[in-house]
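I open these notebook entries with the structure itself, and I set down below what I looked up in it.

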Protein chains: 2
Amino acid sequence: MNEWAYSAEERAAIYRAIAERRDMRHFSGGEIAPELLTRLLQAAHQAPSVGLMQPWRFLRITRPALREAIAGLVEEERLLTADALGERRDDFLRLKVEGVRDCAELLVAALKDGREAHVFGRRTLPEMDLASLSCAIQNLWLAARAEGLGMGWVSLFDPQRLADLLGMPAGAKPVAILCLGPVPAFYPEPMLVGEGWTQAQPLEAMLFGNQWGERP
Amino acid sequence: MNEWAYSAEERAAIYRAIAERRDMRHFSGGEIAPELLTRLLQAAHQAPSVGLMQPWRFLRITRPALREAIAGLVEEERLLTADALGERRDDFLRLKVEGVRDCAELLVAALKDGREAHVFGRRTLPEMDLASLSCAIQNLWLAARAEGLGMGWVSLFDPQRLADLLGMPAGAKPVAILCLGPVPAFYPEPMLVGEGWTQAQPLEAMLFGNQWGERP
């Protein structure tokens, strides 16, 4: 403990949100009040960004025809991914991999255009703008969980075709279709574990000391 | 409000951590108790990952000579970045951009090797493993803030040279040098704002409705 630490209750709340956040695929429609949606986006916007470039852009999809077109893109990629998975094709096709039509709010998160002008912290690692956007999405995810709302990050789409659909300029890039809204229940464990797709590995398997492969 | 929402106090704690998290460069040495460090890494490990591939690997640097070598890599890149910034070179060189020697714990976060075997959610967007690792780092960041510890994400390094220094196999890639530990104080605003390097843009500038450039 130190003078900057939060209270035990505050710390417990943060660890609770981290532990209970789930990548949701099952939504129950409904809606999100505008002030709540703004609060969630403001949480995203408070993320760190390399060189303070704030590379995140969020598109709120409200037109039904556009939502339908996005669902179509995801469906096309779902089938192509199934084929690429080979012997696990049929298992994959049984999974629910998106909630594009069922969620209360559909957002697309994208990287800005003109990114090459920013070299602060990106000269050797240009992909750090994606890292910043990802931190913003994780903020949104945790805040949504605390508000009792589910979120799903869908990456099953062709980015260029989604960019074209949304009128993005050259250099901008969509990286997430975010399904957001009320859910019937939160998965007690990651859906891919619950569905028997795969098992989670323990933290110990991810930790090294000094050199790759050495015990910490 | 709905049945899954947290209490007002819990929600406030989460928004507090999101708002008060800072990318820190100033540390006051000290140490982190082993069980606290494990708790923070466990928070990172509870992040979402595409296809549950859990691509994150963390190296805890405890050898002084290795920490010094990492500081040297960062210093080399700091000078190269300064040159690449052109007319802002001297302003950049006045900024403190890392706390590698001053922080209690030095971690390197990296992507796993053998990543190409995972196509679930990555067929068209292979960089989604970096997105997952970034969510893990954001979890760690928020938990650290709640514990009263600062964290800085340093991306000023040549990734191949750092990979070589840490004995990483082909295909693995370091993406963050994480400085973690007690700080004299948390910046009231992002350090780059406080130092007059740049201004933050408001959320409104990042939001579109349906099409890029359209008002939400």
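In which loop of chain B is Leu52(B) found? I find Leu52(B) in the loop between helix H2 (34-45) and strand E1 (56-61) of chain B, where helices (H or I, at least four residues) and strands (E, at least two) are DSSP runs numbered from the N terminus.

Before going on I note that this is a predicted model, in which local features need pLDDT of at least 70 and side-chain atom pairs count only at pLDDT 80 or more, while totals for chains, interfaces and linings use all residues. Residues are numbered from 1 along each chain as its sequence is written, chains are lettered from A and ligands numbered from 1 in the order in which they are written, and side-chain values use heavy atoms, with hydrogens and water left out.

**Leu52(B).** I looked up its accessibility and read 13%, so Leu52(B) counts as buried (under 20% relative accessible area; exposed is over 50% and partly exposed in between, with a 1.4 Å probe and protein chains only). Leaving out residues up to four places away in sequence, Leu52(B) touches Pro190(A), Leu192(A), Val193(A), Thr198(A), Gln199(A) and Ala200(A), a contact being heavy atoms within 4.5 Å.

**The interface.** I then turned to the two chains together, and found 109 residues of chain A in contact with 109 residues of chain B. Chain A and chain B bury about 9,100 Å² between them, 62% of it on carbon and sulfur atoms; this is the accessible area (1.4 Å probe) that two parts lose on being put together, summed over both. I counted 10 salt bridges across this interface, each a side-chain nitrogen of Lys or Arg within 4 Å of a carboxyl oxygen of Asp or Glu. One of them joins the side chains of Arg123(B) and Glu77(A), at 2.8 Å from N to O. Helix H5 (residues 128-146) of chain A gives the largest share of the side of chain A that touches chain B, with 12 residues.

**Helix H5 of chain B.** Gln138(B) has its place in helix H5 (residues 128-146) of chain B and is buried, with a relative accessible area of 0%. Its side chain makes a polar contact with the side chain of Asn139(A) at 2.6 Å (a pair of N or O atoms within 3.5 Å; within protein, one must be able to donate a hydrogen and the other to accept it, and residues adjacent in sequence count only if both atoms are side-chain atoms). Asn139(B) also lies in helix H5 of chain B, and its relative accessible area of 0% makes it buried.

**Helix H3 of chain A.** I noted that H3 (residues 64-84) of chain A has 21 residues and reaches 30 Å from its first C-alpha to its last, close to the 30 Å expected at 1.5 Å a residue, where the expected span is 1.5 Å times one less than the number of residues. Its buried residues include Leu66(A), Ile70(A) and Glu77(A). After H3(A) comes Gly86(A), whose phi is positive, near 65°.

**Salt bridges within chain B.** Glu68(B) forms a salt bridge with Arg101(B), the closest N and O atoms being 2.6 Å apart. Because Glu68(B) lies in helix H3 of chain B and Arg101(B) in the loop between helix H4 (89-94) and strand E2 (105-111), the pair ties together parts that are 33 residues apart in sequence.
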